[in-house]
Amino acid sequence: MFDLIVKGGTLPDGRVADIGIRGDRIIEVGRIEAEAGAVIDATGDLVSPPFVDPHFHMDAVLSYGLPRVNASGTLLEGISLWGELREQASVDDMVARALRYCDWAVSMGLLAIRTHVDTTPDHLRGVTAMLEVQRTVAPYLDLQLVAFPQDGLYRSPTGRQNVLRALDMGVGVVGGIPHFERTMEEGAESLCDLARIAAERGLMWDVHCDETDDPQSRHVETMAREVVRHGLGARAAGSHLTSMHSMDNYYVSKLIPLIAESGMTAIPNPLINITLQGRHDSYPKRRGLTRVRELQAAGVTVGWGQDCVLDPWYSLGTADMLDVAFMGLHVAQMTHPEEMARCFRMVTQDNASIMGLHDYGLVPGGLASLVVLDAGSPVEALRLRPDRLAVVSKGRIVAQKQRNDTRLALPERPEQVRRRHGGAA
Ligand code: FE2
């Protein structure tokens with residue numbers, strides 16, 4: 001007897017299987033004849049482990065236009081607008097916006113998010129708000145918080161002290177922003193400092209690293225060395241790494257093996273990087289995405305992050321990790337069938353491993369969290385970004401949606417119900 005059975009779905013690896021769930025765990029994957037308290041018929045649909053976003057800013061989400069829109073479209077104007085907004089926003093404002101976004105996320109099958117929380121202001125209202133959101137959504141959404149010194153660890157007078165205060169309050173991941181410190185030297189120093197803090201406290205480390213078009217911004221080299229020095233391995237992630245796009249190939253031929261040796265992971269954010277980077281270029285304009293395929297070829301785990309939705313940096317967004325993967329696929333030119341399938345894995349399995357989600361996956365003993373998509377395969381899901389027909393989190397159905405078929409009545413054509421864009425059902 002199961003509490004819930006998801007019947008007849010196609011798993012990301014192509015197998016057709018039933019999934020038997022009891023409590024918050026998957027008990028069986030295969031052909032199941034037993035009774036269940038509830039059944040989801042997933043025949044012909046893709047059943048995937050949930051989407052995971054390893055890079056987000058939930059303290060700023062859904063604030064687009066506050067206090068005004070980003071007219072230049074640059075990272076720097078975004079940071080400056082956010083500097084005003086974080087002084088105006090109350091804890092309640094931030095909690096309300098974040099919870100609304102978490103509702104969107106759940107409806108899209110996005111059930112784990114790592115969010116950077118700005119620790120720059122001494123009032124730390126963002127930290128207070130995000131800890132409250134983390135507690136509220138814990139029954140259905142895993143939220144990891146990163147202590148992020150947006151204005152610099154040293155450049156802001158209380159930057160370092162506030163990162164430590166946030167960690168003491170319960171924030172679980174150490175952040176960083178070396179390219180925003182006053183000099184390259186201070187950026188490198190900040191990395192040594194932050195790596196030591198992460199190692200001493202046994203925490204993960206996720207750095208906004210080299211989010212610039214300047215090919216001389218080489219902080220990722222120092223970061224990788226610190227990861228090796230402290231043995232942080234996959235507990236460390238380099239977010240953005242956009243300067244690698246513009247670096248000299250010879251230098252990169254030394255850098256990528258160093259990153260691979262360290263065991264650290266990488267999180268490019270294609271929606272935001274394609275819009276923010278290259279703004280100082282005339283033509284050709286650089287794409288501002290790090291070297292995804294080359295890093296993967298060297299064995300580095302690379303995920304896709306969303307970064308922003310409707311905030312001072314990005315004016316669109318829907319909480320759909322398939323949008324993120326779709327953009328990444330295009331910008332990184334990952335069009336081979338294996339690369340497209342990889343893009344789907346990046347927003348599911350690879351992102352989960354970056355966040356250290358150990359009981360993730362559609363296997364017996366795994367956490368009973370999954371999403372049923374109106375698609376037949378991961379590549380079709382990327383092509384369609386289809387409806388999420390059902391979302392299960394920790395054994396509970398948390399979202400359901402009617403299938404959205406179109407009835408066609410055309411002259412000289414048979415009447416038909418068009419299911420998906422692939423053809424008639
Ligand atoms: Fe970010």
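## Notebook: a walk through a predicted model

I began with D210, which I found in the loop between strand 10 (204-209) and helix 6 (219-230). Before going further I noted that this is a predicted model. D210 has a positive phi of about 60°, although it is not a glycine. I jotted down the background here: most residues other than glycine have a negative phi, and most peptide bonds are trans. Is D210 buried or exposed? D210 counts as buried, because its relative accessibility is 1% and the cut-off for buried is under 20%.

Next I looked up L310, in the loop between helix 10 and helix 11 (321-331). Phi of L310 is near 50°, again a positive value in a residue other than glycine. L310 has a relative accessible area of 22%, so I wrote it down as partly exposed.

**Cis peptide bonds**

I then turned to the peptide bonds. The bond from L66 to P67 is cis, with omega near -10°. P67 has its place in the loop between strand 6 (51-56) and helix 1 (75-88). The bond from Y283 to P284 is cis too, with omega near 0°. I found P284 in the loop between helix 9 (270-276) and helix 10 (292-297).

In what order do the strands of the open sheet run? I read the order as 6-7-8-9-10-11-12, with 7 strands and parallel pairing. Strand 6 and strand 12 (265-267) stand at the edges with a single partner strand each, so one side of each has no neighbour in the sheet.

Strand 8 (residues 142-148) and strand 9 (residues 173-174) run parallel and are joined by 2 bridges. V146 stands opposite V173 in strand 9.

Then I followed helix 12 (residues 337-354), which lies across strand 6, strand 7 (110-118), strand 10, strand 11 (236-240) and strand 12. Helix 12 runs at about 65° to strand 6.

**Two helix pairs**

Which residues of helix 2 meet helix 3? I listed V91, M94, V95, A98, L99 and C102. Among their partners in helix 3 are A129, M130, V133 and V137. The residues of this contact divide into 10 nonpolar, 3 polar and 2 charged.

My other pair was helix 5 (residues 184-201) with helix 6. Here the packing angle is about 25°, with the axes 9 Å apart. That makes helix 5 roughly parallel to helix 6, because angles under 35 degrees count that way. Helix 5 passes helix 6 in a right-handed crossing. From helix 5 I noted residues including M184, A188, L191 and R196. In helix 6 they meet a set with H219, M223, R225 and E226 among them. By class, I have 7 nonpolar, 4 polar and 3 charged residues for the contact of helix 5 with helix 6.

**Last stop**

I finished at Q161, which lies in helix 4 (residues 159-169). Q161 counts as partly exposed, because its relative accessibility is 47%. How far is Q161 from R114 in sequence and in space? I noted 47 residues in sequence and 22 Å in space, C-alpha to C-alpha.

Methods
Residues are numbered from 1 along each chain as its sequence is written. This is a predicted model: local features need pLDDT of at least 70, side-chain atom pairs count only at pLDDT 80 or more; totals for chains, interfaces and linings use all residues. Side-chain values use heavy atoms; hydrogens and water are left out. Contact means heavy atoms within 4.5 Å. Helices (H or I, at least four residues) and strands (E, at least two) are DSSP runs, numbered from the N terminus. Ala, Val, Leu, Ile, Met, Phe, Trp, Tyr, Cys and Pro count as nonpolar, Asp, Glu, Lys and Arg as charged, and the others, Gly among them, as polar. Buried means under 20% relative accessible area, exposed over 50%, partly exposed in between (1.4 Å probe, protein chains only). Two strands pair if DSSP finds at least two bridges between them. Axes are lines fitted to C-alpha atoms, for helices over the stretch in contact, and angles run from 0 to 180 degrees between N-to-C directions. Angles under 35 degrees count as roughly parallel, over 145 as roughly antiparallel, 65 to 115 as roughly perpendicular and the rest as oblique. A crossing is left-handed if the near helix is turned anticlockwise from the far one by less than a right angle, and right-handed if clockwise.
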